[in-house]
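Trainee: Could you walk me through this one? I'd like to start with how an interface is sized.

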Amino acid sequence: MTSNAFIAFQKNEETRCIVEAIVDDNPAAVVVDQPAMVKVDVPGRLVIKRATVEEKMGRDFDLQELQLHLITISGHLDESDDEFTLSWEA
Amino acid sequence: MTLLKTLAPYDFPSSDAVENYAGRQLLYINWERHRMFSRPFVLALAPETLFGEIIDTHMTDCFSYHPDWAQIDWRAVRWLNGSRPVVLDRNKSLADNGIGHKDLIRLITPGLDGIAGSGY
Amino acid sequence: MDMKVSKKLGLKERYTMMTRDLAWDTTFQPMDKVFPQVGYEGIKIHDWNAWEDPFRLTMDAYWKYQAEKERKLYAILDAFNQNNGHLSVTDARYINVLKLFLGSTPPLELMAARGFSMVARQMVGAGPRVACMMQSVDEYRHFQTQIHSISNYNRFYNGLDEFAHQQSRMWYLSDGKSFFDDAITAGPFEFMVAIGFAFEYVLTNILFVPFISGAAYNGDMAAMTVGFSAQSDEARHMTLGLECIKFMLEQDPDNLPIVQRWIDKWTWRGTRKLASVGMMMDYMLPKRIMSFKEAWEIYFEQNGTALFTDLARYGVKVPKCFDQTIEEKEHITHQSWIGFYMKPDATPFHTWMPQPEELDWLSEKYPNTFDTYYRPVYEHWIAQEKAGKRFNNKTQPMNCQVCVSTIKFNEPGDPMEMCFRETVYKGEKFHFCSDHCREIFEDEPEKYVQTFISSHAALQGKCEPEGTDVNAHDYRPGARMHAYWRMDKRASGDFNGSEDQKNFAKWRAQATQN
């Protein structure tokens, strides 16, 4: 069974766009709403693409802005200017 | 063998060595299958203290809140010291009963299993 | 299409310049004399440059985003106070979960800040040094914001004002204090496994995710924002802990058995610490999102399985305690609440028996255990309380020599029996709550013989309020613990009949009518 990579954010206007971007770029994403927070699970590999977030927000976005809203992550992280990736090998 | 690794000599005394209790010793008491009391309680007592005094004062003060306490058949009770069955004489002292510093004395009351037999 | 011309370096280049290019090897003194701590634990490192922070966070970005977090946090706290936000929580029992959370956590955050600033100095590589320094500043920020948060409630409710005094004295705070004392007195790599990996990666999700989301669910905007603001740093902390594990395992195969022992030890120590967090979720939040058991399944079992399946490529096995924690998830929160309920005079927060619908919720969430083992004693106590005989166990506890929890857990496989373990070291007997704690002791007995157990210290006459005459003929050690703890009597006892309960009802009535 593939392990889930996940990310959770505080619920706000910015993360609404970020979550929409994740859902667009990760077809297997499952969004779990909880009080004041939102968690997204993706089997194996979860990617956040700067370009998709910018399209949703209608403005420039620096992936490091994710820091403001993060609650938790699961998976090995790799971050570049264009992509923020969480993955499990197995 | 210890796995401790240090950069310098490391030798510190035990916090609870018997010398720290001014002639007394620590004793833990538990009543088995009566977990309403959550955990054993601890006393510091002179080794000459009679075991009967512990039953009549400390154990009764604490445990008599439980409806099973009044039901105990004292001829049928058994005792453990840690995991070892022991015979304890209420007319003898802790020392004469072989109870040492930091021993855990556990009371077993056959047939009494707590509220509604729940172990509590 | 216009080309977007950027004079700025990319993230990876900035990070490299900031770390590798700013570090140097010492020449006046040999490196091993300047950094003695990285060698003595037995961890072998061949190439410090192999350590990289995957967030690639540089100082300029760090200050920018942290400042933004603080502005958001304090804007919300101001709004909370301007709106009498404390009266919007579900019911006044909820305030007691804050007393326990805010009364125990800030000093631990401070210990984490100290630990990470020490490790930042001790590590050789620039990558871990920068990441540890940032984490140290983060932990200091959590410490400060949590104390600010205390002041928002302390002006209305009893029992929050002596948390700093109580931290190193109070019986139920000893387990958390011992956890951090143990970690900070270990070497830098063990500290990283203890706090960075086991606590941050494997366990803090339970504390900050469902519990803080639970604060939001109970209408507490202030605790929610403080908790989530802290948690926004935790993703970075988790990453640092996981990177440290991978770094050690990739550097030398000899590191594996050392790392495995630390993973086993610290996962267990963290699990014991979380028993009281689970109790807060199951018993102290008037409205609940999920049970502790459910949270444990999501954040420990499923997430932990993902993690350890992945780490298996390095030879790492799931922590030894894994199966026992799965059995215990059905029990520990109830056993903890029983332990607190029965000591109404010994905590600066209130306890209570669950209401009928809350008992039903517990039955539903814990179908294998609640009705068999826990409901009968609760119903007995509810009847006793109605008869004016609310339970109050006046005795002093027995504690585990390693985790310093009171010894209150059941024998694996038998919920009706207590679990006791003991060992003899240098002629003295030592007691433990579990096989795991006994093994931790036996690995390093020289360390754990020094454990501070408050009931023992009291019986040695070490816990006396100022002005006690220890030579008086009627002097009894430990008889004045409440004064020693600086317990506010108004803050203790059952919730029913408390001053907090009356004030909350009165203020809420004032807020809704003229």
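Mentor: Buried area is the accessible area (1.4 Å probe) that two parts lose on being put together, summed over both. This is a predicted model, where local features need pLDDT of at least 70, side-chain atom pairs count only at pLDDT 80 or more, and totals for chains, interfaces and linings use all residues. Residues are numbered from 1 along each chain as its sequence is written, chains are lettered from A and ligands numbered from 1 in the order in which they are written, and side-chain values use heavy atoms, with hydrogens and water left out.

Trainee: What do chain B and chain C bury between them?

Mentor: About 4,600 Å², with 56% of it on carbon and sulfur atoms. On the chain B side, B:R35, B:R39 and B:Y65 lose the most area to chain C, together 17% of what that side buries.

Trainee: And how many residues are in contact?

Mentor: Chain B puts 48 residues in contact with 58 of chain C, contact meaning heavy atoms within 4.5 Å.

Trainee: How many salt bridges are there between chain B and chain C?

Mentor: The count is 3, taking a side-chain nitrogen of Lys or Arg within 4 Å of a carboxyl oxygen of Asp or Glu. B:R33 and C:E417 form a salt bridge through their side chains, at 2.9 Å from N to O.

Trainee: Which residues of chain B did you say lose the most area to chain C?

Mentor: B:R35, B:R39 and B:Y65.
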